Amino acid sequence: MEYNPIKKEEVSKMSVMPNLLDYEKAREDFRWEDISKELDELDDGCLNIAYEIIDRHAKTSLKDRVALYWEGDNGEGEEYSFSDLCRLTNRFANVLKNLGLNKGDRVFTYGDRIPEIYISLIAALKAGGVIGPLFSAFGPDAVKDRLGDCEARFLITTPKLARIVEKVVEDLPALEKVIIINRKNVAYELKEKEASYEDLMKNASDLFDIEKTDKEDYAIIHYTSGTTGKPKGVVHAHEAVVGHYATAKYVLDLHPDDIYWCTADPGWVTGTSYGIFGPWSNGISQVVYEGGFRASNWYKVIEKYKVTVWYSAPTAIRMLMKAGEGVVAKYDLKSLRYLCSVGEPLNPEAILWGNKAFGLPFHDNWWQTETGCIQIANYPIQDVRPGSMGRPFPGVTATILDENCEKELPPGKEGHLALKAGWPSMFRTFWNRQELYESKFQNGWYITGDRATMDADGYFWFVGRADDVINTAGHLVGPFEVESALMEHPAVAEAGVIGVPDSLAMEVVKAFVSLKDGYEPSDELRRDIKKFAKKKLHAVACPRKIDFLPGLPKTKSGKIMRRLLKARELGLPEGDTSTLEE
Ligand code: ATP
Ligand code: MG
């Protein structure tokens, strides 16, 4: 499918000179060592993420800049400057040290997006802990699996979620302290192992000597989204901040006056890499919104805080599309100047819609929990080619490898997307699964598990996850292409495409679609969608069957779980569903 590029000159609001002005030159000149020099070091060459994102700004004229604009679920607002965060994280680092935290101990958070969760995570890094942020919508098994897997010693949570923790605390012998944040001061009786965040903070000192961590010391454990199987504990080192800093500067194009909003929760890697580390290592003000998705509430946040740079995800953009342009028109969103998206393939239709609704296209970028920071991106200085993930970040080498992951393929050929190993935020291991980690590398390449093509200009195009690609009548069909074509049909809100076994063709394409408001499933509509798809797609890629669903199964981070569609279709076990959005 061909879409016309959105010319950068046509993007009306590119009012700010981008940080990356010459892509080719940046690629030639780029050295990660130079980027590291833009950060500060602790004494003796030590590096600690917490220092880079907060304390170094608290020593400069940035100290009074608002680091965090917090918008609570009920419209309450709070502001924290870099020096406020420095002081509060010092306090909580003292709390953790006083409770006996040793360097390398795992400290988990399990709570909504409230300031104390952010403070706890940064404080734990200061104290030399390894942080594990959990999404508040997890159930007891998800909590038990993750804390148990890496033998967490400390957990910070809230009264509401402590009830869930209670159910599994007996199964977590390594867990020593559960610290309860009770910001609304609800009636709550502390149980064995529990302590009050507020009481501990009251008596702690404002001064703290940051733990002298090495750049290779482990800092973060993030469990993957679980889209293709059981979530893996991806481990990152303190050096990752070099990648967060550089990509927030050159891909998200953050400038000193920006008000930035990343909609992701810190329970997912986007919510830490770009909801904590990226913006704050650049000394930028950011908004954190506690509430969940609702188009009108999101636009209200943009309007209230005059958000300039907005980083979101395809699933959210598709929901905004579903809500329609009428809602957009009710709000003053002219502060927006730059939009980015990550997490799933961004359908061209969504880019075109964004351009119409906001006068700005979403800039897609690609990365994974394992890569720690953005690897392939669309930049403000380039035309947006709808459907493409863009070009590799200047310090990153990406390629397409053949079926055996041995040879690099020329432009236009589809294969395994691979990255030259060794960028700063590359994961250091999968927790407790070193063998699995090693299996991801071949001849110096990290094999991402995604399939893609590269065009003659070096733009990468996502085809699908290796697990999801459909083998039909001797052709490999990527679900993304089919889903994007279906989404262009006026009735289709979302589409998930899988391969189902077929005696002749090996597999045939089957699509599950959910409809926009105002459309009802019918045989006639099914026929119409099929006819529409035929006009857009190669014959083998056209869905042979289409089922209507009220909604598609998704991870809590919003990704379509094709493996579940497939398991349900074939009556197979569903596997790990700890990240399934209910
Ligand atoms: P799991 O590894 O547990 O199956 P996951 O791969 O969804 O879950 P993440 O690390 O959160 O976990 O997601 C990374 C994956 O998301 C990528 O490998 C890719 O498949 C998909 N992805 C992310 N951004 C994009 C994008 N811009 N275009 C296409 N796919 C993307
Ligand atoms: Mg993955």
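Helices (H or I, at least four residues) and strands (E, at least two) are DSSP runs, numbered from the N terminus, and contact means heavy atoms within 4.5 Å. This is a predicted model, in which local features need pLDDT of at least 70 and side-chain atom pairs count only at pLDDT 80 or more, whereas totals for chains, interfaces and linings use all residues. Residues are numbered from 1 along each chain as its sequence is written, chains are lettered from A and ligands numbered from 1 in the order in which they are written, and side-chain values use heavy atoms, with hydrogens and water left out.

Within helix 18 (residues 562-570), colour R562, R563, L564, L565 and A567, which are its buried residues. Buried means under 20% relative accessible area, exposed over 50%, and partly exposed in between (1.4 Å probe, protein chains only). Step past the end of the helix to G571, which follows helix 18 and has a positive phi near 65 degrees.

**Helices 6 and 7**

Next, select helix 6 (residues 140-149) together with helix 7. Their axes are 9 Å apart and the helices pack at an angle of about 65 degrees; axes are lines fitted to C-alpha atoms, for helices over the stretch in contact, and angles run from 0 to 180 degrees between N-to-C directions. The crossing of helix 6 and helix 7 is right-handed (a crossing is left-handed if the near helix is turned anticlockwise from the far one by less than a right angle, and right-handed if clockwise). On the helix 6 side the contact is made by P140, V143 and K144, and on the helix 7 side by I164, K167 and V168.

**Salt bridges**

D112 is partly exposed, at a relative accessible area of 23%. A salt bridge is a side-chain nitrogen of Lys or Arg within 4 Å of a carboxyl oxygen of Asp or Glu, and by this rule the count comes to 45.

Move to K356 and E325, a salt bridge whose closest N and O atoms are 3.3 Å apart. K356 lies in helix 14 (residues 348-358) and E325 in helix 13 (residues 325-329), so this pair ties together parts 31 residues apart in sequence. K356 is exposed, with a relative accessible area of 58%, while E325 counts as partly exposed at 35%.

**R385 and its two partners**

Which residue meets the side chain of R385 in a salt bridge? Select D455: the N to O distance is 3.0 Å. R385 is in the loop between strand 15 (376-377) and strand 16 (388-392), and D455 in the loop between strand 21 (445-454) and strand 22 (460-465), 70 residues apart. R385 is partly exposed, with a relative accessible area of 22%, whereas D455 counts as buried at 18%.

A charge sits over a ring if NZ of Lys or CZ of Arg is within 6 Å of the ring centre and within 35 degrees of the ring normal. For another example, select K420, whose charged end sits over the ring of W445, 4.6 Å from its centre.

**Aromatic pairs**

A search of the whole structure finds 31 aromatic pairs. Select Y218 and W431, which form an edge-to-face pair at 6.5 Å centre to centre, with 65 degrees between the planes. Rings of Phe, Tyr and Trp (its six-membered ring) pair if their centres lie within 6.5 Å; planes under 30 degrees apart count as stacked, over 60 as edge-to-face and the rest as tilted. Y218 is partly exposed, at 33% relative accessible area, and W431 is buried, at 14%.

Finally, select W261, Y289, F293, W298, Y299, W310, Y331, W353, F358 and F362, which ring pairs link into a cluster.
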